[in-house]
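I hope they are handy while you look through it yourself.

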Amino acid sequence: MATNMTNKSRLHIPAPPARPGEAPNFDYLEITPPGALDRPPTDVKARDIEHLNQGMIRVLDDEGHAVGPWAPQLELADLQVAMRHMLLTRAFDTHMLRMHRQAKITFYMQCTGEEAVAVASAMALSPGDMLFPSYRTQGLHITRGRNLVDLMCQCLSNSKDMCKGRQMPIMYHWARGNIFSISGNLTTQFPQAVGWAMGAAIKGDDDIAAAWIGEGSSAEADFHHALTFASVYRAPVVLNVVNNQWAISTFQGVAGGERRSFAARGPGYGVPGIRVDGNDFLAVYAAQQWAAHRARHSHGPTLVELVTYRAAAHSTSDDPTRYRPEDEGAAWPLGDPIERLRQHLGHAGWSDADQATMQSDVEAQVTESWEAALRYGTLSSGPQLDRNEMFEDVFKDIPDALIKQRNQLLELDD
Amino acid sequence: MARLNMVQALNSAMDVMLERDQSVIVFGQDIGYFGGVFRCTDGLQRKYGAHRVVDAPIAEGGIVGTSIGMAVNGLRPVAEIQFADYIYPGFDQIVSELAKLRYRTAGDFFAPVTIRTPCGGGIRGGQTHSQSPEGLFTHVNGIKVIMPSNPYDAKGLLINAIEDDDPVIFFEPKRIYNGPFSGYPDAPAQAWNTHPKSEVPEGYYTLPFGRAEIVRPGADVTLLCYGTMVHVAESAATLAEVDAEIIDLRSLVPLDTDTIIESVKKTGRCVITHEATKFGGFGAELAAIVQEQCFYHLEAPVLRVAGWDTPYPHAFEWDYFPGPKRVAAALQEVLEGP
Ligand SMILES: Cc1ncc(C[n+]2csc(CCOP(=O)(O)OP(=O)(O)O)c2C)c(N)n1
């Protein structure tokens, strides 16, 4: 068997357009001019908007003007809030990365370049809507007003850690803020969000659910489960695929993005799919608003692909210069979400000085929060979590067998 | 002979087999151009091309399912699951398909798939980068389950796995990829290059399954272990000042019961240790075998030292990990009583 094999075959093996040492190339990316696509009514049928899953919904033009039917009605004050949340998200990431380098935390993941995804979504959805985040949507917490100290204490596994030291850094949750727990296992949140939405519909609540996964994660079977159940029951849910082009070292083509967009998978399930410029705050906002309106008015689920670029490393364990050109980010054609919103705000009189003041404000907020967080200890010093708590919450009531194990641990140190 | 760490030894095993057997392909997430998140497949795609060292989508069920199909069609896929904690989306394909194909077709179909996957804790990975799920697979009939503890064994056993006509799950304790681990997290990291088992032949060799190794002969108590715990066991024996006979099982299925039984009959005592949680773990099977086969030679109850019966916590990693102190306490208990 296998005698005629060589190192080449007639299989197609997807390859990214550029590897380290080669010139970045985003020719594969289909980009629609801003304002060019129509905004259909929210009760539209999946098959009638196939063009919206191949094109790209964009609002901000090259000069930063909001153009076309998707331009959302937002006041200047809203846009300033958006800017603040994006800046705060980035400042938080920058600080936490530095704290990882100083060995204060064991791990970190940034969302650099993808801030609009979470911030615009959280602003477009209602506070009662349940969010099922990925590990790269920290902006959901920040936009919903989570105290940064809480997020930091989780990363520090200190005495105020919401996870009681049981999870790696960044695996936040927020029951009161309606943000679900982040799992290390990819895509599990997708069908869970559908189920939550089914629950809301069964109970007669108006709340909807929304979930985020990376494009790499869309390969998991849970993606299929989510789309099937969402479609079958017309669940009130917004399912977001954040296509940041890379899944660790793996180019989006390996997840199946070479021939059709990720949004285009929706219609196969009877679910409308729309493809959106993920670095265009206004477009993301408008798309989430549209999809949320569909869900809330019983028109069912929407699959939203947010096209963006993972500008930083996958995580603190990763070195992207090993697998993609170092200057690839600089060649990314959809720019930076913060810079693009800033350009837009500029037309409304937002000055460089305003921007600088806001920047130093958020940096001060991050620094002050960090100092406050440290007062609750770190993984290795200061107030510590009680290790007895390791045995709790496995079940609602701690079983006798675990009490025994806990005592065994304590006796060991006597 | 070369001095290799575990990562290099595993890489060498795949290199040797890709070279030797055209039907071998390596398959998994980030394993191609990048060479794997732990670098085990570094350089293999450059050498054998993207059609034999193939990056896979993030779908463990898909990786196992397609590996089965390729294997049925005559290939020998070596699939990597990036972390053992992420093997569960592939669980149905492993348990219902991979493990049972030969049986249900009376041998007409079989799938020689090797699944490599890093396991175990000690790297601050929290509950989704630290698990040791070997017991979930040893309970399934029809798959072989291997866990090496050093570079020499890793290479020989992996080559054996790839050549085996039965499916194999090959657990790689990630804590010892780059050096043996004494079980003392604050001690300076050790490298493999001073360890005798880092001497690894460059070419082809195999180590058979189902053969445990006595890594330290002893008279007073038999200490059964595998993976990272082999090194921790040695620290524990030193700490307890006990003349323990340490047995590295290496191969859980098939299991070398002869070596275990012979040793326990000699020592009359047995302690079992693994990183995985205790309840229903592989240690329970070992304890049952010892009880069934050596009952009249036993001088003390058989004890197990394992991870606590909780998920693997991030902050309390070293309270959770069955370190030398806990293993030493068990060694003393079987010798001196509680
Ligand atoms: C079930 C499962 N398989 C594999 C992994 C390992 N892993 C963690 S992140 C990641 C890449 C995910 O990429 P993508 O979904 O595109 O999201 P991104 O990181 O780009 O935001 C992989 C393979 C995992 N966490 N869970």
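1. Conventions first. This is a predicted model, in which local features need pLDDT of at least 70, side-chain atom pairs count only at pLDDT 80 or more, and totals for chains, interfaces and linings use all residues. Residues are numbered from 1 along each chain as its sequence is written, while chains are lettered from A and ligands numbered from 1 in the order in which they are written.

2. The contact between the chains. Chain A brings 44 residues to it and chain B brings 43 residues, where two residues are in contact if their C-beta atoms, placed from the backbone, lie within 7 Å. On the side of chain A that touches chain B, helix 13 (residues 400-412) of chain A gives the largest share, five residues. Helices (H or I, at least four residues) and strands (E, at least two) are DSSP runs, numbered from the N terminus. This side of chain A divides into 24 nonpolar, 14 polar and six charged residues. Here Ala, Val, Leu, Ile, Met, Phe, Trp, Tyr, Cys and Pro count as nonpolar, Asp, Glu, Lys and Arg as charged, and the others, Gly among them, as polar.

3. Overall form of chain B. Twelve helices and 14 strands are found in chain B, and its C-alpha trace spans about 60 × 45 × 40 Å along the principal axes. Of the 338 residues in chain B, 62% are buried. A residue is buried if 20 or more other C-beta atoms lie within 10 Å of its own, exposed if 12 or fewer, and partly exposed in between, with C-beta atoms placed from the backbone. Among contacts in chain B between residues at least 6 apart in sequence, 77% join residues at least 24 apart.

4. Domains of chain B. Domain 1 covers 2-200 and domain 2 covers 213-336, with bounds that come from an automatic or database domain assignment. Their centres, taken over C-alpha atoms, are 25 Å apart. The contact between them takes 30 residues from domain 1 of chain B and 29 residues from domain 2 of chain B. On the domain 1 side, the elements giving two or more residues are helix 6 (134-138), strand 6 (144-146), helix 7 (151-163) and strand 7 (168-173) of chain B. The residues of that side divide into twelve nonpolar, 13 polar and five charged.

5. A sheet in chain A. Please look at the open sheet of five strands, which has the order 1-2-3-7-6 (chain A) and parallel pairing; two strands pair if DSSP finds at least two bridges between them. Strand 1 (130-132) and strand 6 (273-277) of chain A stand at the edges, each with a single partner strand, so one side of each is left without a neighbour in the sheet. Strand 2 (residues 209-214) and strand 3 (residues 237-243) of chain A run parallel and are joined by six bridges, and Gly214(A) has Val242(A) in strand 3 as its bridge partner.

6. Strand 11 of chain B. How many of its five residues are buried? Five of the five are, so strand 11 of chain B is largely enclosed by the rest of the structure. Ala244(B), Ile246(B) and Asp248(B) point one way from this strand, and Glu245(B) and Ile247(B) point the other way. Strand 9 (residues 213-216) of chain B runs antiparallel to strand 11, with three bridges, and Ile214(B) stands opposite Ile247(B). Strand 10 (residues 221-225) of chain B runs parallel to strand 11, with five bridges; Leu223(B) has Ile246(B) as its bridge partner.

7. Backbone details worth a look. A cis peptide bond, with omega about 0°, joins Val253(B) and Pro254(B), and Pro254(B) sits in the loop between strand 12 (251-253) and helix 9 (257-267) of chain B. Glu241(B), a residue other than glycine, has a positive phi near 50° and counts as exposed, with 10 C-beta neighbours inside 10 Å.
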